[in-house]
Every structure is written in C-alpha cells, then in structure tokens.
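Biologist: I would like to learn how to read the sheet, the cavities and the pockets here. Take me through them one at a time.

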Amino acid sequence: MEKQNGTAITTCNHEVETPINITIKGILSLLMENVDDKNGTSVISLGLGDPSAYSCFHTTPFAQKAVVNALLSDNFNGYAPSIGLPQTRRAVADYLSGDLPYKLSTEDVFITTGCLQGIDVALTMLARPGANILLPRPCFPLYQLTASFRGLEVRQFDLLPDKGWEFDLNSVESLADRNTVGLVVINPGNPCGNVYSYQHLQEIAETAEKLKLVVIADEVYAHLTFGKNPFVPMGTFGSIAPVLTLGSLSKRWIVPGWRLGWFVTNDPSGIFRKPKTVERIKKYFDVLGGPSTFIQAAVPSILQNNDEVFFKNTINLLKNASDICYERIKEIPCITCSSKPEGAMAFMVKLNLSLLDNISDDIDFCFKLAKEESVIILPGTAVGLKDWLRITFAVDPAAAEEALGRLKTFCQRHTKCT
C-alpha cells in the first residue's frame, strides 16, 4: 500500500501509520482491538484526553442549565451566521480580553466547531504554493495531517525535555526561510504537560517577529495549570507578532462533545483586519458552517459564570492523578520522566528499550501492554517522538493508580534477566 509523506509500521498484526497520516483516535482504536477480552481485566485507557469518561469529572450544572435554557427558548432553531452568533463572539472576546493587555472586539472572534476546525482555518488561511510551517516535536498530530491536506510543508523543531519542553529557538531560526508562514505554540502543552513562562513566551514572540511569522497559539487547555507557571495567553504578545488564538470550551468545562471552539485574531497592529484578509476568512467559514446554535447561545452565560469551586475541583483532580502517575513512573526503571507535569491533561515519558526483552519499539510496547494488561497508552511515535509514551492523567485517581500498577507489572515481566 502506497504511503505519501509517511511510512507504515507493522506490529502485532496491525499496520500503524507514521504521524503525518495518523490520528490519536485511529491508533487508540487499534490498541483497543488488541485487548485480550479473555483475561477478565477491565480496560483502563490513559490514551485519550476525554475526562468526561470518568464520573469524577463532570461539567458545571450551570453550563448544562445554560444549554437547556437556550434550547427550550425556541429562539435558536434556525441557521446562525457562519462566523458565529454575534452575542457568542462578543462573549468570547470579553472572556479572552480579561487576560490581555488590550481589548478584543467582536470582529476578532470567529466561532468554530471545536478547536480542530480552528486548526484547519488557521492552516488554510496561511497556505500558499511553496509555503512551509514550523511545528514543535512532539506535537498534536492533527497539525501535520491538516498541513498535508492543505499543501503546507511541515518543518519540525525540537522541544527540550530537560528544559521543561521549551522551544529550541536556535532550531526555529535555522529552519525558517522566506517561505515560512507560521509557527505553532501549544500552551499548556499537549502532549507534554508543560506550561510556558511569561519570559519564554515573549522570547517566542520576539523570534516570530524577527522571522516575520504568524504565531498559531493552541490554548485549548488554557487555565488548566497546577505548577509554578500560571497560564499566560500568547495574545499578550500580539503587539510583537500577530497571533491566531485557538481555544474551546471542551477541556476547561469538561464538554469535548459539545464541539464549541473559537478562532481569534490577536492583532493590535491590524494585520488581520485588512478587508481582503477578513473577507477571505469569512468566505471560508461560509464553506465550513459552525456548531449548533443552541450551544452557541449558551456560551455568554457559561463564560460569565466564574464558577471557581468547579474550576478548582477540576484542577485538584488533574493534579492528584498526575502526581500518582509521576510517582509511580519513578518506580519503573525502564521508563523515565524528565519533568513533572504542570498542566493540561497528558505528559511524555521515555522508554529505555535496552532494559526490556522482546519489545522492539514504543508501538510494540503499547500493543503488548494492551493485550497483556488491558491498559491503553499512546505510543510516542503518534506525536512524533519514537520510543516515548504519552500518558493521559485526565482519569479517576484510582484508575491512574491501578493502570500504573499494571504498567509496572508489565515492565517487570519484560525486564531482561541480568
């Protein structure tokens, strides 16, 4: 079977594509198929960042009520403007402006069907013949897949695990040329669980300005932080370099299935407000459509209700589960974690295959783990780092404890005899 921009890897009787052609859901589906139903052990997935799968994570009742009220009002059964309801755009602008040194307008905001549609809009708007885009490694794989569909060449620079997954800015500068159109920043980090400092984000913005690049700021995990660095939106530095901010309700409000996101131009200098640019964005939204009108209509109430108890509970659950995962990883000699997670819902750990018997790589590791222990973990290859693993901690703490115990047992079973 011919592959373009990628090769296929065969393991455990499954063909797994390399990151440019893969989706996280695709490989997790294959891993689930490899679970041995006969071993009588319940499946625990540390692979997909959907906390709503666990009863300890649930959205705030206020958000649910806002959606119900919007639906029952009978006012939102028709088509909405393709760029979003005006009141929804205004609410998102006001919400994001609270963390910025300037005020966003309604015209800066476009409502999307989740953050994934925002990724597609951003890359489509930047695409042109011969253009390339700079992506971090590791990276959420939908960026590579979308870029390939849009004809954008992908150039990847390394994140530095021993420096809290900061950008290798020298690598960024060496990769860029006159055809480079954008630079992607994911903060808080997926898949690394890092949170960038104000200083590092400013350095990224200054590098983007030097190279004349647009920054795509993926902030779907905004405010989900529990380490030394608070969340700082990349739009803070919009006066240095133009920023396209992508976000959504899905993670902070534990509602990934609602598919409500936003694409925002953080651009005090007005680069994106040129009539031709605005018109091009609006025309593309005419093609895409948007999320359900009654979900959009609920957004103003949801964003205006600052439920600190709900947010604090979510953060505490994430921190507790991440602490369990991090501490249990330290008990497993063949797996190391370079930095403790400080935000988001997942982190990366490195495999030492030299200590393991009958394990060829990270994909082989994950398929055998699924079969023998009914634990699902994402191989690092899926996010661009071979022989690493991505572990999601958006789970019940008891499930995290059980899963890491099984992971330890699996590694002990496959440890080489000395």
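**Cavities, pockets and sheet**

Modeller: About 60 Å³ of space lies in the second largest cavity. This is a predicted model, where local features need pLDDT of at least 70, side-chain atom pairs count only at pLDDT 80 or more, and totals for chains, interfaces and linings use all residues. Residues are numbered from 1 along each chain as its sequence is written, and side-chain values use heavy atoms, with hydrogens and water left out.

Biologist: What is a cavity, and what is a pocket?

Modeller: Both are found on a 1 Å grid over the protein atoms alone. A cavity is a set of points where a 1.4 Å probe fits but cannot get out. A pocket is an open set with protein on both sides within 12 Å along at least five of seven lines. Lining residues have an atom within 4 Å of a point. Grid points are joined across faces, edges and corners, and a volume is the space filled by probe spheres set on the points.

Biologist: Which residues line the second largest cavity?

Modeller: Among them are Pro136, Leu159, Phe167, Ile186 and Tyr196. By class, the lining has eight nonpolar, three polar and no charged residues. Here Ala, Val, Leu, Ile, Met, Phe, Trp, Tyr, Cys and Pro count as nonpolar, Asp, Glu, Lys and Arg as charged, and the others, Gly among them, as polar.

Biologist: What volume does the largest cavity have?

Modeller: About 190 Å³. Of its 20 lining residues, Leu96, Glu219, Ala222, Phe231 and Trp262 are the closest to its centre. Strand S10 gives the most to this lining, with four residues. Strands and helices are DSSP runs numbered from the N terminus (E, at least two residues, for strands; H or I, at least four, for helices).

Biologist: And the largest pocket: which helix supplies the largest share of its lining?

Modeller: H4, with four residues. The volume of the largest pocket is about 580 Å³. Lys25, Leu116, Phe140, Lys251 and Arg259 are the closest to its centre, of 26 lining residues.

Biologist: In what order do the strands of the open sheet run?

Modeller: Two strands pair if DSSP finds at least two bridges between them. Eight strands form the open sheet, ordered S4-S11-S10-S9-S8-S5-S6-S7, with mixed pairing.

Biologist: Why is one side of S4 and of S7 left without a neighbour in the sheet?

Modeller: S4 (109-112) and S7 (166-167) stand at the edges, each with a single partner strand, so one side of each has no neighbour in the sheet. S7 runs antiparallel to S6 (residues 153-160), joined by two bridges. Leucine 160 has glutamate 166 in S7 as its bridge partner.
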